[in-house]
Amino acid sequence: MARKWLKELRTSKGLTQQRMADMLGMSRQYYHLIESGNRKATLDIDLAAEIAHIFRISLKKIYDNEKGGQA
C-alpha cells in the first residue's frame with residue numbers, strides 16, 4: 001500500500017525524499033521504500049512520532065491515514 005498521504009504531505013512542504021530521509025536519519029532509498037509502502041507495512045510509533053513532529057500533525061492524523069489511506 002503506497003503512502004500517498006505521506007508523499008502529498010512531503011511535497012506540499014517542498015521537501016524532497018532526500019531531505020525527509022536526512023531528517024529521519026535514514027537513507028533516501030529506505031525512505032522511498034517506506035513512502036511507497038514496500039517497507040514498514042505498519043509505521044512503528046517512533047517513526048510515526050518523528051513524522052508527526054516534522055509536519056506538526058497529530059499521531060491521530062497519521063493513524064487515520066494509515067488505516068484509511070486518507071490524505
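1. Glu-66 is buried, with a relative accessible area of 15%. Glu-66 belongs to helix H5. Leaving aside residues up to four places away in sequence, Glu-66 touches Met-1, Arg-3, Trp-5, Ala-41 and Leu-43. Asp-46 is 20 residues from Glu-66 in sequence, and their C-alpha atoms are 15 Å apart in space.

2. A word on confidence. This is a predicted model. The mean pLDDT of the protein is 92. Of its residues, 96% reach 70 or more. Among the helices, H2 (residues 17–24) has the highest confidence, at a mean of 98. Helix H5 (residues 59–68) has the lowest, at 92. Glu-66 sits in helix H5, so read the point above with that mean of 92 in mind. Where pLDDT is low, the predicted coordinates should not be read in detail.

3. Now the fold. How many helices and strands does the protein have? There are five helices and zero strands. From the N terminus on, the order of elements is α-α-α-α-α.

4. Overall dimensions come next. The protein has 71 residues and a radius of gyration of 11 Å. A compact globule with 71 residues would have a value near 11 Å, so the two agree. Along the principal axes, the C-alpha atoms fill a box of roughly 25 × 25 × 20 Å. Buried residues make up 37% of the 71. Take the contacts with a separation of 6 or more: residues 24 or more positions apart account for 52% of them.

5. Surface and charge. The protein exposes about 4500 Å². Carbon and sulfur atoms supply 51% of that area. There are 13 positive and 8 negative side chains. The centres of the two sets lie 4 Å apart.

6. Is Gln-17 buried or exposed? Gln-17 counts as buried, because its relative accessibility is 16% and the cut-off is under 20%. Gln-17 lies in helix H2. Beyond residues up to four places away in sequence, Gln-17 touches Arg-10, Arg-28, Tyr-31, His-32 and Glu-35.

7. Ala-48 is placed in helix H4. Ala-48 has a relative accessible area of 7%, so Ala-48 is buried. Which residues does Ala-48 touch, not counting residues up to four places away in sequence? They are Leu-43, Leu-59 and Ile-62. Leu-43 is also one of the residues touched by Glu-66. Arg-3 is 45 residues from Ala-48 along the chain, and their C-alpha atoms are separated by 13 Å.

8. Look next at the loop between H4 and H5. Arg-56 is found there. Its relative accessibility is 77%, so Arg-56 counts as exposed. The backbone of Arg-56 deserves a check: phi is positive, about 55 degrees, although Arg-56 is not a glycine. Most residues other than glycine have a negative phi.

9. Ser-58 is found in the loop between helix H4 (45–55) and H5 too. Is Ser-58 buried, partly exposed or exposed? Ser-58 is partly exposed, because its relative accessible area is 39% and that class runs between the 20% and 50% cut-offs. Ser-58 and Trp-5 are 53 residues apart in sequence. Their C-alpha atoms are 14 Å apart in space.

10. To sum up: five helices and zero strands, with a mean pLDDT of 92.

How values were computed. Residues are numbered from 1 along each chain as its sequence is written. This is a predicted model: local features need pLDDT of at least 70, side-chain atom pairs count only at pLDDT 80 or more; totals for chains, interfaces and linings use all residues. Side-chain values use heavy atoms; hydrogens and water are left out. pLDDT is the predictor's confidence in each residue, from 0 to 100. Helices (H or I, at least four residues) and strands (E, at least two) are DSSP runs, numbered from the N terminus. The radius of gyration is taken over C-alpha atoms; the globule rule is 2.2 Å times the number of residues to the power 0.38. Buried means under 20% relative accessible area, exposed over 50%, partly exposed in between (1.4 Å probe, protein chains only). Contact means heavy atoms within 4.5 Å. Accessible areas come from the Shrake-Rupley method with a 1.4 Å probe; for residues, only the protein chains shown count as cover. Lys and Arg count as positive and Asp and Glu as negative; His and the chain ends are not counted. The place of a charge is taken as NZ of Lys, CZ of Arg, CG of Asp or CD of Glu.
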